[in-house]
Amino acid sequence: MPRNIVSFTTAVTTSMSLLLPQPLFAQERPRDIIIAQDAKKEVTKEDILRARQRAEEARQQQQHSKKRENEAKRQEVTKEDIAKARKRAKEAKEAEKAEKAEKAEKAEKAEKKSNKDKQRKHQHKKRDADKHRADHDQRNHDRHKDHKTAQQRKKTGHERDSRGKPAKAIAFSKTDLAKRRSDNMGGLDRVFRHELSGGLTRDRLACKSGGVYPCGKNDLLLSPRGVVLEQGPNGGLHLASAADQIYRVNQEGELIGRDGRREKSRAASEAARETRAANAAALNDQGNQRRRHREERIAREDRRSSSEDFRTALRDANRRKADTDKDDDDNDLAKALLLGLGAVAVGSMLNNNRQVALSTPDRVVVTRPDGSQEVIKDETALLREPGSTVTTEEFDDGSSRTIVTRTDGSKVVTIRDADLRVLRRTLVSADGRTTRLIDETQPVPPVDTATLPAPAPVTEWGANMDEAALRAALQRESGIDRRFTLGQIRNIPEVRALVAPIDMDAITFATGSAALSPDQAQGLADLGRVITDSIRQNPNEIFMIEGHTDTVGPNEMNLALSDRRAETVALALTEYFDVPPENLVVQGYGEAFPKIRADGDIRANRRASVRRITDLLQVSDDEQAI
């Protein structure tokens with residue numbers, strides 16, 4: 001800037017300051033005021049600097065505190081997340097462990113089932129081989145015996161009957177009718193000709209009507225093996241018609257019963273269609289549904305012997321009519337169980353539209369809408385041995401649980417529905433081990449009888465069958481993979497025929513009787529030993545004893561009588577040979593399946609038979625529930 005301009009500015013500024021009014025204190029102490037103002041200016045700067053510094057420190061401290069707070073929050077969130085993550089990992093690990101355990105359990109069950117199937121197949125093969133070997137040995141034995149008998153008769157030059165007189169030889173008819181029947185029934189023809197080659201004589205024939213040879217002129221004859229014969233015009237014999245035959249012959253040359261051709265009853269049809277699992281309050285063990293509890297001690301006089309008949313004769317059975325004015329609920333089987341089955345009045349209507357046809361203290365026979373009949377009984381009667389304690393729990397739905405406690409501490413638990421049908425039977429040994437014997441609580445597929453295998457051959461247990469042959473016949477397999485309920489086995493003839501029935505020829509009953517003499521009971525020795533040995537090797541074995549009658553008497557009486565006879569045979573096996581009664585079931589069939597198809601008083605039809613149904617019977621793998 002030019003010097004003259006600066007000088008002019010200074011002069012002007014000085015002049016202006018002289019002209020303006022001055023404050024009094026400035027006039028009085030101008031120097032002190034200036035010093036104070038300067039000092040004030042200096043203090044303010046320091047304070048500002050300090051204030052700024054303090055503000056900066058406070059801001060930094062606030063930021064640091066906020067940072068620490070955020071860091072603490074982040075650390076807290078991180079710990080919570082870690083805890084959650086650890087929890088999730090633990091749960092996943094436990095789930096994985098449980099899944100592995102479940103897979104391992106399933107694999108173990110599958111392996112066990114596979115091993116059981118393999119073992120069963122191996123047993124099937126072994127038993128089939130044993131059966132074929134036993135059958136082969138038996139046929140050779142019979143053939144050798146027949147040949148020896150024929151040679152002996154040829155050697156003596158004549159044959160004699162049972163009275164020591166010369167026996168009449170049997171000539172085979174050579175008529176056209178005889179030839180046609182031999183061609184049409186080649187199997188039966190071969191069986192009869194084999195009997196002829198073994199030296200069969202007329203005195204060994206029987207009358208199909210039940211009489212003793214010689215028979216009437218128009219009566220049919222029966223060979224020892226069951227071939228039905230007719231007498232020809234010249235005294236010769238030939239096969240009777242197919243409708244009159246009792247047996248047919250399968251491809252192996254074995255005699256097969258013709259019962260499978262019968263018309264199905266309603267009970268068989270219902271059993272074939274049944275697929276649902278049984279259900280009852282007694283199965284669920286719900287104490288709040290329990291209605292009544294009874295306990296009794298069985299004394300010796302309470303137990304019927306196999307040599308004794310039932311106290312109530314069937315002809316004296318309760319035949320009082322039902323009171324139509326009374327409520328039907330008074331006639332239900334649950335109350336009948338409390339009062340004794342004889343309390344059910346004849347004519348009473350039970351569930352499923354069944355009408356009581358006969359009522360005794362031990363059995364009730366009911367008629368279904370289709371006219372077929374069934375017998376209802378106490379399935380625990382065989383288990384009531386002297387010295388045992390019987391505890392029965394009854395539930396609101398009519399089902400019941402019966403626990404038979406024996407003197408050795410073992411128990412047999414039987415659960416039944418309102419119709420007294422056995423749903424489950426379990427043996428609990430004294431050491432706590434359980435064995436499931438019967439279990440109707442699993443769903444089953446329906447039964448198509450057209451797809452079932454051919455019936456097993458009928459085996460007659462006679463003098464020529466030793467214990468080994470009897471064992472092989474009873475152990476013969478069914479040849480089918482599926483299993484059935486006890487009701488299906490009892491009610492469907494085609495299912496029942498899958499296992500070999502053993503006819504007890506040595507056991508027959510007097511007319512109207514269900515008692516066995518001690519001598520006849522001793523004739524069951526081989527059977528008792530075979531069954532006892534089988535149960536000792538496999539505690540799950542189940543044998544069904546069947547009873548039959550002739551056609552004398554009403555159907556309902558015959559049905560009850562046949563069921564009583566089956567119980568008597570089972571009782572004799574228990575009394576004389578210590579067969580466990582829990583491994584036996586009994587069933588009567590009345591006059592429905594005669595051995596000799598003829599009406600009247602025929603002792604051969606008043607018989608009993610036995611089947612091993614273990615391989616047919618469905619049993620759950622769950623051994624925990626009782």
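Modeller: Gladly! Contact here means heavy atoms within 4.5 Å, and please keep in mind that this is a predicted model. With that cut-off, E467, L470, R471 and L474 in α9 meet D526, L527, R529, V530 and D533 in α13. Helix α9 spans residues 467-474 and helix α13 spans residues 525-537. Two packed helices are described by the angle between their axes and the distance between the axes. For this pair, the angle is about 50 degrees and the axes lie 10 Å apart.

Now for another helix, α4, which covers residues 176-184. Its buried residues include A178, R181 and S182. They span an arc of only 100 degrees around the axis, so they sit on the same side of α4. On the other side of α4, you will find D176, K179, D183 and N184 exposed. The buried residues of α4 pack against α5 (186-197), β3 (228-231) and β4 (237-239).

Finally, have a look at the open sheet whose four strands follow the order β8-β9-β10-β11, with antiparallel pairing. Both β8 (349-350) and β11 (373-377) are edge strands with a single partner strand each, so one side of each has no neighbour in the sheet. Strand β8 is joined by two bridges to β9 (residues 354-359), and M349 has Q355 in β9 as its bridge partner.

Key: Residues numbered from 1 in each chain as written. Predicted model: local features only at pLDDT ≥ 70, side-chain atom pairs only at ≥ 80, totals over all residues. Heavy atoms only, no water. Pairing = 2+ DSSP bridges. Buried < 20%, exposed > 50% of the residue type's maximum accessible area, 1.4 Å probe, protein only. Arc of directions from axis to C-beta. Axes fitted to C-alpha atoms, helices over the stretch in contact; angles between N-to-C directions.
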